[in-house]
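Please keep the sequence and the three-dimensional view at hand while reading.

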Amino acid sequence: MSKYFEVRWHGRGGQGTVTGAKSLAEAVQGTGKCVSAFPDYGPERRGAPVRAFNRFSDNRIRIHTPILAPNVVMIVDTTLIGTKSLVEGVGESTIFVVNTEKSAAETKSLLGLTTQTVHTVPANHISYRLFKREIPNSAMMGAFARACPEIISLDALIEESEKIFSHLLAAELVGKNVEAIRCGYNEVQTL
Amino acid sequence: MSDKYGLKDWQELPLGGVIPEGGNAADYETGTWRTWRPVWLKDGCIHCLTCWVFCPEGAYVLKDGKTPKGKDRKEIREINYYHCKGCGLCAKECPVNKKGKTEAIQFIREEI
Amino acid sequence: MSKFSAITGNGAIAEAMRQISPDVVAAFPITPSTQIIEDFAKFAADGKVDTELITVESEHSAMSACLGASVAGGRVMTATSANGLALMWEMLYVASGMRQPILVAVVNRALSAPINIHCDHNDSMGARDAGWIQIYAENNQEAYDNMLMAPVITEHADVRLPLMVCLDGFIISHSIETMQLEDDSKVKDFVGEHTAYHALLDTDNPSTWGSLDLHDYYIEHKKGQQVAMENVIPVVEEVSERFYQEFGRKYELFESYCLDDAERVVIAINSVAGELKEVIDEVRDAGEKVGLLKIRLFRPFPYAEIAAALKNCKIVTVLDRSTSMGAYGPLFVEICSALYDADPRPMLYSRTFGLGGRELLLNDIRDLFEESKRYLDEGKIEKRSYFLNVRGG
Ligand code: SF4
Ligand code: SF4
């Protein structure tokens, strides 16, 4: 692991992409790592492509610059596939986590990837099942734990998320979000 | 230390220009500003206190008194010329003066 | 117990305000400082602070209400940015002239026009002559720590001046970073009780505030203000030392990073210092003697201390994140003043960057160090001053 482990999220305004990055940061923070989470602020319009960033490190994070060469790309909205910014700065070992019901193989070719690992997770589907709405963040976080266990394990993610959600949500919703994390983790397809 | 005019050095000033005491307008002699002088005429006065209300310097001095029917009231005693700056508001607003038949406040040039 | 948290810069300021629990907060929220007041309003509504929160109709009113509440005898705070600070302008001078220890968290943002919500320092730099103490912060930890130290500095008997805690808009205000929040009761002890000075609400001892001075006294009052500002320097040192004893994080008038033996030094304010340190580590690894002097206290400006810290360096690059149109950037001007008497005087030049949130990437900073190396080798400054990262050069 280089100095900073860097994650770049791609979604659309209104989907909670920024919140996703923040929640992941808080959870990883709980495990004792240093974290940062910050959005790429433009005009905040519903539906417009948005990016958010995470850095994780064992040491204090000093830099605030946008992430140009991510270790992980989190794609919260598959309709973004085809936009150049998804693969900007991507290296041979960059990991992709994609919210889609398509197969990992199809997704990989749609993204035009070769050496990179692609993890797909039907996060919208999971979210509909549990919440009857499209809030893919928790399932995406579960998939992240599957893709990057060196940053956070499933158990730690669940433990930290319970703490975070219990400050914000009713007990029933805390349980459902934990379920969404678990489903996200379990339903990952990797290629 | 203060200078030859009695003005204080910066170290002696309370902070921020605060005046750390109340009621010190009483020490300020505005009487020196006067070029016209109101003269209160006891006989014409009905003690309505309009002059006392309007006077910006609080120059009218009151005393306890009684109405013709014997009820308690405040009455004008005198004008304090240490504070009267001669603005003439009192003479202008006095209802007795306004009626024009007689005067309760005469407003005259200061004599040299 | 102090605890590590992942929290935004704005959230950290709001936490500090909750822990200090001032008597009055009067505010009119503006991007990017909005979350401070949002969070604080929630604390007030939830009964977590004893503060009287006054929601006003403009920033001019916010500062006016703060002033009134401070003169009345309260500990008073607010937060603002950019155009909001600009609308407070008239009252900023009244607050400092009346020696009221009001605190403002300034989340630095560019001033219109064109409309821009992103970071630069033109807002607080424009207020540098307003008689306010200004303390700058690299990250959310420093912003929080400065907030905790601020009441102790401003209310010190030798000081009694208002203070701005400045942090970068969005880059810090909206970024979650790992930081350490201190225990409520320890913070309360550190900050201490507010002591009012001739409070208007002390009706047994009436006083008059806001009266007139003519040429007989105005300049004596201004001299008092100037001396109080000069007193800030030892007070900041003393309070920072006490903070270090209490909480273990060390602060000085400015931060020296790899400065002792540095030949080439960059001077900068706020978040860009993080990127600079990152690159300095790299350049140091390659054997080059480079360093950073990060401004913390900008008003009062510690001229002598900065000159002493730079006595061994050969070339200084000053990064200004604000402009004084038609003149050099405000930081560059101060550094030139500080070094005028230095013998030998290092080579000096100025670069303006980041206006309206324009990024300065690590590669840009690498280029900066290349440039200073070239200037030093050639023994001459090719360009005294220009804007970095501008299309068209
Ligand atoms: S002239 Fe003016 S200052 Fe003098 S008593 Fe009348 S109202 Fe008062
Ligand atoms: S206003 Fe005229 S009548 Fe009334 S109290 Fe004064 S002097 Fe007397």
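## A nonpolar patch on chain B

Helix 1 of chain B is the element that contributes most to the nonpolar patch, supplying three residues. The model under discussion is a predicted one.

## The surroundings of ligand 1

Which cavity corresponds to the space taken by ligand 1? That space is the largest cavity. Among the residues that surround ligand 1 are Cys55(B), Cys84(B), Cys87(B) and Cys90(B). Others in this shell include Pro38(B), Pro56(B), Tyr60(B) and Lys85(B).

Sorted by class, the shell around ligand 1 contains nine nonpolar, two polar and one charged residues.

Two elements of chain B, helix 1 (50-54) and helix 3 (95-99), each give two or more residues to the shell around ligand 2.

There are 14 residues around ligand 2, and those that come nearest are Cys45(B), Cys48(B), Leu49(B), Cys51(B) and Cys94(B). How many nonpolar, polar and charged residues does the shell around ligand 2 have? The shell has 12 nonpolar and two polar residues, and no charged residues.

## Salt bridges

Over all chains, the whole structure holds 37 salt bridges. One salt bridge pairs Asp281(C) with Arg62(A), and their closest N and O atoms are 2.6 Å apart. Asp281(C) is part of helix 9 (residues 272-285) of chain C, whereas Arg62(A) is in the loop between strand 3 (49-57) and strand 4 (72-75) of chain A; the pair therefore joins two chains.

## Backbone features

Most residues other than glycine have a negative phi, and most peptide bonds are trans. Against this background, three places in the model deserve attention.

His47(B) is not a glycine, yet its phi is positive, at about 55 degrees. This residue, His47(B), is in the loop between strand 1 (36-40) and helix 1 of chain B.

In chain C, the peptide bond joining Ala113(C) and Pro114(C) is cis, with omega about -10 degrees. Pro114(C) is located in the loop between strand 5 (103-108) and helix 5 (122-126) of chain C. A cis peptide bond also runs from Asp343(C) to Pro344(C), where omega is near 0 degrees. Pro344(C) belongs to the loop between helix 11 (330-339) and strand 14 (347-352) of chain C.

Definitions and conventions
Residues are numbered from 1 along each chain as its sequence is written. Chains are lettered from A and ligands numbered from 1 in the order in which they are written. This is a predicted model: local features need pLDDT of at least 70, side-chain atom pairs count only at pLDDT 80 or more; totals for chains, interfaces and linings use all residues. Side-chain values use heavy atoms; hydrogens and water are left out. A residue is near a molecule or strand if one of its heavy atoms lies within 4 Å of it. Helices (H or I, at least four residues) and strands (E, at least two) are DSSP runs, numbered from the N terminus. Ala, Val, Leu, Ile, Met, Phe, Trp, Tyr, Cys and Pro count as nonpolar, Asp, Glu, Lys and Arg as charged, and the others, Gly among them, as polar. A salt bridge is a side-chain nitrogen of Lys or Arg within 4 Å of a carboxyl oxygen of Asp or Glu. On a 1 Å grid over the protein atoms alone, a cavity is a set of points where a 1.4 Å probe fits but cannot get out, and a pocket is an open set with protein on both sides within 12 Å along at least five of seven lines; lining residues have an atom within 4 Å of a point. A molecule sits in a cavity or pocket if more than half of its atoms lie within 2 Å of its grid points.
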